[in-house]
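Please examine the sequence and the model shown here.

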Amino acid sequence: MNKTRKIIHVDMDAFFAAVYIRDHPEVKGKPVICGGPANSRGVVSTCNYEARKFGVHSAMPSFKAYKLCPNGIFVKPEFDAIKEASEIAKEIFYEYSDLVEPVSIDEAYIDVTENKKSIASATQIAIEIRRKIFCKTKLTASAGVSYNKFLAKIASDMNKPDGLMVVTPLKAKQVLEELPIGKFHGIGIKSEGKMNLLGIRNGRDLKERTLKELMKHFGKAGSYYYNIVRGIDNREVTTKRIRKSLGHERTFAKDISDVSKMVEILFKLAEKISKQIQERKFKAKTLTLKIKYANFDVVSRSKTLDIPFDQDRVINHLGKKMLLETLGPKCKIRLLGLSVSNLVWENDKKDKQELFSFFKSEMPVI
Ligand code: TTP
Ligand code: MG
């Protein structure tokens, strides 16, 4: 039986900033920027919609945010309050369904096709969820309702902030055709640029391209693009979110050019990552090094091993190798990052034995 699913995507509005403003009402109505201090070398976590009018956005360097919005109020996110609000929202979702997939601290998919309250209308549930979140946290959330995850996610973004949008199967075609290519979840900035070069600016343009053509330009992702623009997304709402990567980075107070200092920092990052993946009982096959140079150019390099790893010396060895291969002479850098991906859960004994012999034979201990 192929029953049409009912999926809700909920995403809190300007989350970190909204929590701060709720708890510090004196800043209400002013542009509030959460993250690194004004004019510092940190980055913006998020900002409220007042600050967005000045062009400030997440992941922007704080000094740039300061230039755009010198009267902005720069504040640190208050994580205890943030986590508490996130938990309250999650509890509300579970009142309706156990099929809840938290995607990040402020967003989740909920499959309400069959729900605990036997409410036939997913829209009604979304209305109730938004109202309850506001009652219990004094924060607003936006929600999207549709028949798959992709469309529900697109929908929740359409009437932000404090909005609700329902995309029925009848409406999906129009919504998708009119959607600017950069708004397609899963099409990153790079692919967006490539699509623009190919003359693809919105869903309508994308739909005109054949599967073969899209796969030629975008590889496997091409078939994903081909399907989503037709409203096809069969991904289930999964209750256990599978982590795809884990990483850390450090922005330095001053640009550094001393390689031994970089290696030292890399080692600390490797130790931290190793500890965290071991705690979570998974291993990784790919390590990615990120370098941001003093002029803000960013390069990243990845290495993938056949055998999964979780030990700091392996991570450090690979990271150091990539760093030395990548750095030009007299390079000044402002940020170093390491992340692991291609994650696998800790496996059977055979895997571990292979891992052990691999270390003994192939990995020099540093
Ligand atoms: P988002 O939901 O992407 O953003 P938002 O809730 O602030 O704003 P919107 O109304 O557009 O949903 O991210 C949720 C929180 O995650 C955000 O409040 C802060 C944090 N975050 C970062 O710390 N860095 C980032 O680059 C992004 C995108 C988010
Ligand atoms: Mg949000």
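A residue counts as buried if its relative accessible area is under 20%, and as exposed if that area is over 50%; values in between are called partly exposed. In this predicted model, Asp106 has a relative accessible area of 15% and is therefore buried. Asp11, at 12%, is buried as well.

Asp11 belongs to strand β1 (residues 7–12), whereas Asp106 is found in the loop between β5 (100–104) and β6 (107–111), so the pair ties together parts that are 95 residues apart in sequence.

Attention now turns to the aromatic rings. Seven aromatic pairs are found in the whole structure. One of them joins Phe16 and Phe79 edge-to-face, with 5.7 Å from centre to centre and 85° between the planes. This pair links distant parts of the chain, since Phe16 lies in helix α1 (residues 15–23) and Phe79 in helix α4 (residues 79–96), 63 residues apart. Phe16 counts as buried at 17% relative accessibility, while Phe79, at 44%, counts as partly exposed. Together with Phe15, Phe16 and Phe79 form one aromatic cluster.

Rings also meet charged groups. The charged end of Lys117 sits over the ring of Tyr96, 5.1 Å from its centre. Likewise, Lys194 has its charged end over the ring of Phe218, 5.0 Å from the ring centre.

Technical notes
Residues numbered from 1 in each chain as written. Chains lettered and ligands numbered in written order. Predicted model: local features only at pLDDT ≥ 70, side-chain atom pairs only at ≥ 80, totals over all residues. Heavy atoms only, no water. Phe/Tyr/Trp six-rings, centres within 6.5 Å; stacked < 30°, edge-to-face > 60°. Helix = DSSP H or I, 4+ residues; strand = E, 2+ residues; numbered from the N terminus. Buried < 20%, exposed > 50% of the residue type's maximum accessible area, 1.4 Å probe, protein only. Lys NZ or Arg CZ within 6 Å of the ring centre and 35° of its normal.
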